[in-house]
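Subject: Handing over the structure

Hello,

Here is the structure I promised to pass on to you.

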Amino acid sequence: MDDVTLITRPRRFGKTLNMSTLNCFFSNKYENRSDLFESLKVWEDADLRAQQGKWPVIFLSFAGIKGRTYEDTMVQMKKALTELFLGFPELYQYTGFERIEQQSLNKICEEMSDTDAAFSVKLLASLLMKIYGKKVLIFLDEYDTPLQEAYINGYWDDLVGLTRTMFNNA
C-alpha cells in the first residue's frame with residue numbers, strides 16, 4: 001500500500017526547506033553527497049544512512065503558478081511540468097520503454113494537452129520506476145497556490161478538476 005503524508009504548517013514554518021532537505025537526502029541525484037548529512041543526527045542511524053541518495057525523487061513546486069485565468073495557469077503549469085521532465089535526462093536516454101510509454105513521454109512539452117498535463121506526474125513516476133526498479137518519492141510543494149488563485153479569480157471549477165486528477169493519479 002502506498003503512503004501519503006500531508007504536512008500542514010503555518011506560513012514561514014519551513015515546509016519547503018523540509019521538503020528540499022528530504023529531496024537532498026533521498027534523491028539518487030545526491031547519491032554522493034553524504035557530506036551534507038554526516039554531521040547530523042540522521043546520519044547516526046544506519047538504516048536511514050543506507051537510504052541516502054538511493055531513491056528516484058520527483059520534487060515539484062507550484063509556488064510560482066499564479067495565473068489570473070485558467071489559460072494563464074495552464075501555460076505556467078505546463079512550463080513547470082516540462083521543466084520537471086527535462087530535469088531527468090535519463091528519460092530521454094533510456095531505450096527500454098514500451099512504444100506507448102515513449103509516445104506519452106514525447107507529448108510532454110509546453111504545448112501538451114490539459115489531459116496530458118493532468119497525467120504527467122503519474123507518467124513521470126511510472127517511467128522512473130521502470131528505469132530504477134523502485135517506487136518513486138513524490139514531494140509536491142505549494143500545491144495550493146494555483147488553487148487559491150483559481151478561487152480568487154473565478155476559475156476554481158476548471159482548475160480543481162485537473163488538479164484532482166493530477167494528484168489522485170500521482
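Glu83 is partly exposed, because its relative accessible area is 48%, which falls between the 20% limit for buried and the 50% limit for exposed. Before going further, please keep in mind that this is a predicted model. Glu83 sits in helix α3, which covers residues 70–86.

As general background, nonpolar side chains tend to be buried together in soluble globular proteins.

Which residues does Leu124 contact, leaving aside its neighbours within four places in sequence? They are Ile58, Leu84, Phe85, Phe88 and Leu91.

Next, the aromatic rings. A search of the whole structure gives six aromatic pairs. One of them joins Phe25 and Phe26, edge-to-face, with 5.0 Å from centre to centre and 85° between the planes. Phe25 and Phe26 are both buried. A second example is Tyr143 with Phe167: the ring centres are 6.1 Å apart and the planes stand at 85°, so this pair is edge-to-face as well. Here the pair links distant parts of the chain, as Tyr143 lies in the loop between β2 and α8 while Phe167 belongs to helix α9, 24 residues apart. Are Tyr143 and Phe167 buried, or partly exposed? Tyr143 counts as partly exposed because its relative accessibility is 31%, and Phe167 counts as partly exposed at 25%; the limit for buried is under 20%. Ring pairs also link Phe25, Phe26 and Phe37 into a cluster.

Helix α8 deserves a moment too. Its buried residues are Thr145, Pro146, Leu147, Glu149 and Ala150, and the buried residues of α8 pack against α3 and α9. Just after α8 comes Gly154, which takes a positive phi of about 85°.

Finally, the open space. The largest pocket has a volume of about 1,600 Å³. Its lining is made up of 40 residues, and Val4, Thr5, Ile138, Phe139 and Leu140 lie nearest the centre of the pocket. Elements that each supply at least two residues of this lining are α1 (15–26), α7 (120–132), β2 (137–141), α8 (144–153) and α9 (156–169). Which element has the largest share of the lining? That is β2, with five residues. Sorted by class, the lining has 18 nonpolar, nine polar and 13 charged residues.

I hope this helps you find your way around.

Best wishes

How values were computed. Residues are numbered from 1 along each chain as its sequence is written. This is a predicted model: local features need pLDDT of at least 70, side-chain atom pairs count only at pLDDT 80 or more; totals for chains, interfaces and linings use all residues. Side-chain values use heavy atoms; hydrogens and water are left out. Helices (H or I, at least four residues) and strands (E, at least two) are DSSP runs, numbered from the N terminus. Buried means under 20% relative accessible area, exposed over 50%, partly exposed in between (1.4 Å probe, protein chains only). On a 1 Å grid over the protein atoms alone, a cavity is a set of points where a 1.4 Å probe fits but cannot get out, and a pocket is an open set with protein on both sides within 12 Å along at least five of seven lines; lining residues have an atom within 4 Å of a point. Grid points are joined across faces, edges and corners, and a volume is the space filled by probe spheres set on the points. Ala, Val, Leu, Ile, Met, Phe, Trp, Tyr, Cys and Pro count as nonpolar, Asp, Glu, Lys and Arg as charged, and the others, Gly among them, as polar. Contact means heavy atoms within 4.5 Å. Rings of Phe, Tyr and Trp (its six-membered ring) pair if their centres lie within 6.5 Å; planes under 30 degrees apart count as stacked, over 60 as edge-to-face and the rest as tilted.
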